Amino acid sequence: MQCAKLSYGKYMQLFGNTVQSSKLKGVITSTSAEELSFPAVEADIAFDIKLVFPLLQTPLFNKLIGKSLPAAYFILEKLHKLICEQDAFEEPKEISSLEDYPLAELWRDFFHQEIHDFPTLLQLVFALSTHWGEGHTYKIYEFMNKEFIPEVKRFYGFDLHSMKAALEKLPCLEKLHRIILLLAGEYWDADFANTASRNILASFFPLLDKGNSQKEFVQPTGLDKGNDTRMVFLYQHSAINYWMSDAFGDRQSKVGFNRYFTLRYLYYQKSGFLNTRWPAAFPKGPLSIFDFGQAYAFGLIPDGEVIKELTTRVNAEDSLSQATAFLYGLLPQAQMEKLSAFGKANFEPLKEVVRKVTNRILEIELKRGEPLTEVSHLAMKLERIEGASLWIEILKAYGPESLGRTDYYYGSNLSKREVLGKLLRTCYPSDTDTVKILNALLKDTDISSERLMEAAVYAPQWLQLVEECIGWKGLYSAAYFFHAHIGTLLDDRIKAVIARFTPTHPEDLQWGAFDIDWYREAVRDLGIDHFEIVYEASKCISSGTDHTRLRKCMDAVNGKEQAKEMRKLIEHKRNKDLLMNYCLIPINKRSKLDLLDRYQYLLQFLKESKVYGSQRQESEKKAVELGMLNLTRNAGYIKKTRLIWNAEAGLLKHIAPCFIPKEREEVKVSIKVDEEGNSCIQYVKAGRGILNNIPAKLRKDPYLAILKEINKKLKSKYLHSYDMLEQAMGEGVSFLHSELLAWRNHPVLGPIMRHIVFVTKENATGFYTKEGLQMLNGEVVSLRADDDIRVAHPLDLCRLQEDEAYRQYLVTNEITQPFAQVDRLFYFKPEEEQSVTYPLPKDFPWQSTGDGGYQKVFYKVHIVASIDAEGHLSFSHRKTAQPLSLPQVPDTLYSEVLSDLG
């Protein structure tokens with residue numbers, strides 16, 4: 001379905017003549033909405049292009065290449081040689097400045113000794129940065145070079161192609177380029193760079209005319225579909241476009257911004273604002289919507305010019321998307337950082353124009369019939385709108401039509417239902433919206449409770465208000481249950497809410513993991529009848545197959561399937577969905593072997609998958625992994641590691657023979673575990689003792705293959721085991737003495753537990769033994785099978801005044817704990833609530849909340865720690881989201897949160 005472009009006449013009809021007159025010292029002589037004209041732009045009187053590029057203007061003879069090349073090449077060649085002389089060094093993944101890069105002082109010395117000053121450095125950056133990379137549009141670059149290089153070469157007086165050919169042969173070109181850019185960042189001279197940019201753009205502009213400023217690029221599409229014609233513009237050639245990048249131009253002062261905006265606007269205007277006969281091959285213009293916003297705030301342009309940029313031009317959709325995202329604080333962090341170039345810009349006038357445009361688009365679109373309107377494509381680009389009244393108007397515009405399933409590729413369909421669906425999902429409650437207001441808006445409509453519920457499932461930001469409005473307690477939790485398991489559009493905001501209800505990652509839930517506790521809680525709170533209605537409504541957020549698959553999961557949990565029968569089907573069809581559902585069928589509480597039997601079956605299924613291809617092996621491995629998650633929740637555990645420990649404690653007898661030396665080819669082989677829990681395969685030969693390497697004749701021995709597999713699993717358990725114990729310490733998770741007793745006998749778990757301090761409910765502390773907790777004085781505190789025991793937190797030891805004694809004990813006995821416990825850094829809660837800001841490091845390990853903040857969920861104690869974009873820390877209840885005061889937060893949890901914040 002094609003969308004009609006807005007002509008200027010139609011634009012005036014839809015948006016009205018909002019143009020206001022503006023004067024700024026004669027810079028803009030005419031300010032009508034139809035056309036803006038600027039005075040002729042001239043370079044500085046003393047400007048000479050040869051003085052800017054002396055290195056590139058002066059050819060020197062390179063004996064190695066045998067051609068005349070610019071002097072810049074020789075500096076780059078010297079730097080490349082210096083790079084090659086160093087031992088191969090690895091570039092770090094995160095580089096923000098030269099200080100982050102290896103051998104920073106060496107590159108600084110090269111700058112001072114060989115480059116000397118910033119103008120020289122700028123020439124090197126220009127030479128390295130102004131080229132077209134290869135790719136699927138390579139022929140377009142080739143075409144532009146052929147068509148535009150005469151004008152570019154005539155202007156500069158040189159051609160970089162020969163130097164490019166030489167540079168591309170250098171093996172360390174990427175490192176060379178990176179170091180030059182980092183040096184430029186360190187020694188950047190904004191005044192020189194901005195002056196050079198302004199003069200080059202001003203000098204080149206008069207050379208443009210209708211004949212050379214744009215060309216038609218024609219390329220066959222193949223498959224007898226004719227040609228694809230695209231328009232390219234001379235200013236988009238990298239040698240000119242380079243000077244329009246964000247690195248150049250003062251956008252903070254009024255005078256500097258006037259120069260910056262005027263030059264780029266003239267090039268934009270010369271290209272017909274990219275609204276040409278054929279679509280632009282590179283449709284990004286030289287100015288952003290924020291440039292237009294700043295120009296409007298400074299009085300350089302009328303609001304009509306901003307409206308046209310948001311509605312009628314090639315970049316209108318992207319501009320409107322960015323502007324509405326900015327209006328509601330939804331711009332990605334990377335884009336927000338770019339706005340710092342504007343300084344303390346006043347974008348309030350831009351926001352007012354965006355609101356005006358948004359309201360007019362909605363006014364038109366909400367009155368539409370089936371045919372699309374001139375603004376349907378723009379409506380799909382509104383990133384957010386607000387207000388209960390608007391939400392109800394959108395719902396009324398739907399009429400009786402079903403919401404339908406969401407289209408993941410917004411913009412691919414501009415039908416009435418699809419556009420209204422996007423608006424419905426984009427509309428959020430305003431700060432002033434209440435249940436009372438929502439009820440008043442619904443009073444004179446025929447919108448039923450079921451319809452309102454369906455709309456809230458579709459747009460979950462309304463769930464809390466709708467739940468209270470229609471009185472369906474538990475709707476909020478149940479709706480997010482369906483989003484988690486079958487929703488097709490999960491952004492960071494939705495994922496952050498899901499994380500409050502389940503520790504299972506949404507991706508795993510989408511692939512077949514199932515949170516049994518959440519399901520049962522949702523059914524209990526909402527009631528089975530209402531839950532089934534919400535299940536039917538969830539069709540609008542899912543695909544048909546996912547919706548059906550979820551029903552089968554629920555049937556398994558409800559005992560409508562038999563484990564034996566399903567196992568037969570799995571073996572017959574080798575079906576991965578059935579395997580995951582098999583783990584959801586209620587465990588026989590009367591049989592201790594049921595859980596162990598299912599665990600073993602998962603391992604057997606995984607073992608059998610090795611006969612298939614790599615792709616199928618991976619998919620079946622994932623199914624077993626998710627089946628293990630389902631079995632974990634079915635057994636009542638939060639962490640999969642705990643299930644594995646308990647299951648393998650019962651399977652220990654099966655691997656016990658592996659620890660007894662067995663003779664194979666005159667060599668005794670066995671698995672050995674050291675005092676710390678690290679395992680390895682040991683080879684002992686009579687007369688030679690322990691061998692350092694595997695004897696060649698044993699490499700293909702079947703028994704050795706078995707030992708290797710078991711040893712691999714033991715090593716994995718070692719890593720995961722102390723991670724879980726450390727996390728249990730922070731969250732205050734307790735274990736049964738009967739559990740710990742079984743784990744204590746495990747060859748890997750036992751040594752790990754040996755050096756960890758535990759604490760009972762009665763505040764007795766000590767190291768765990770088979771007899772009980774052995775205190776520092778040697779006495780043993782006896783334990784019953786059902787006694788709860790926690791991993792002691794250093795706060796516990798501090799308050800019991802035992803921390804120093806334990807610290808001294810570890811030092812005296814030269815004990816290294818598997819994780820920091822006794823020597824762990826800890827924090828006390830302040831006596832009163834404090835307003836503290838915590839600076840967040842890059843790659844903060846908590847979960848993003850989608851609004852610039854992060855959260856960490858502590859499931860055992862139902863608490864969420866959150867830190868907003870400004871660095872303010874708060875705590876709330878996991879399920880209700882009600883704020884918690886510091887006295888309601890466990891001391892150990894508070895300490896762990898502060899440790900994360902550093």
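**Close-up 1. Lys761 and its partner Asp788 in the predicted model.** Lys761 is exposed, with a relative accessible area of 63%, in this predicted model. The side chain of Lys761 meets that of Asp788 in a salt bridge, with 3.5 Å from N to O. This pair links distant parts of the chain, the two residues being 27 residues apart. Asp788 belongs to strand 18 (residues 788-791), while Lys761 sits in the loop between strand 14 (757-760) and strand 15 (765-768). Asp788 has a relative accessible area of 27% and is therefore partly exposed.

Close-up 2. Side chains of opposite charge can pair when their charged atoms come close.

**Close-up 3. Arg313 with Glu305.** A salt bridge connects the side chains of Arg313 and Glu305, at 2.7 Å from N to O. The relative accessibility of Arg313 is 5%, so Arg313 counts as buried, because the term applies under 20%. Glu305 has a relative accessible area of 1% and is likewise buried.

**Close-up 4. Arg313 with Glu309.** Arg313 also forms a salt bridge with Glu309, and the closest N and O atoms of this pair are 2.8 Å apart. Glu309 and Arg313 are both buried.

**Close-up 5. The salt bridges of the model as a set.** How many salt bridges does the count come to? The count comes to 51 salt bridges. Among them are the pair Arg313 and Glu305 and the pair Asp788 and Lys761.

Notes. Residues numbered from 1 in each chain as written. Predicted model: local features only at pLDDT ≥ 70, side-chain atom pairs only at ≥ 80, totals over all residues. Heavy atoms only, no water. Salt bridge = Lys/Arg side-chain N within 4 Å of Asp/Glu carboxyl O. Buried < 20%, exposed > 50% of the residue type's maximum accessible area, 1.4 Å probe, protein only. Helix = DSSP H or I, 4+ residues; strand = E, 2+ residues; numbered from the N terminus.
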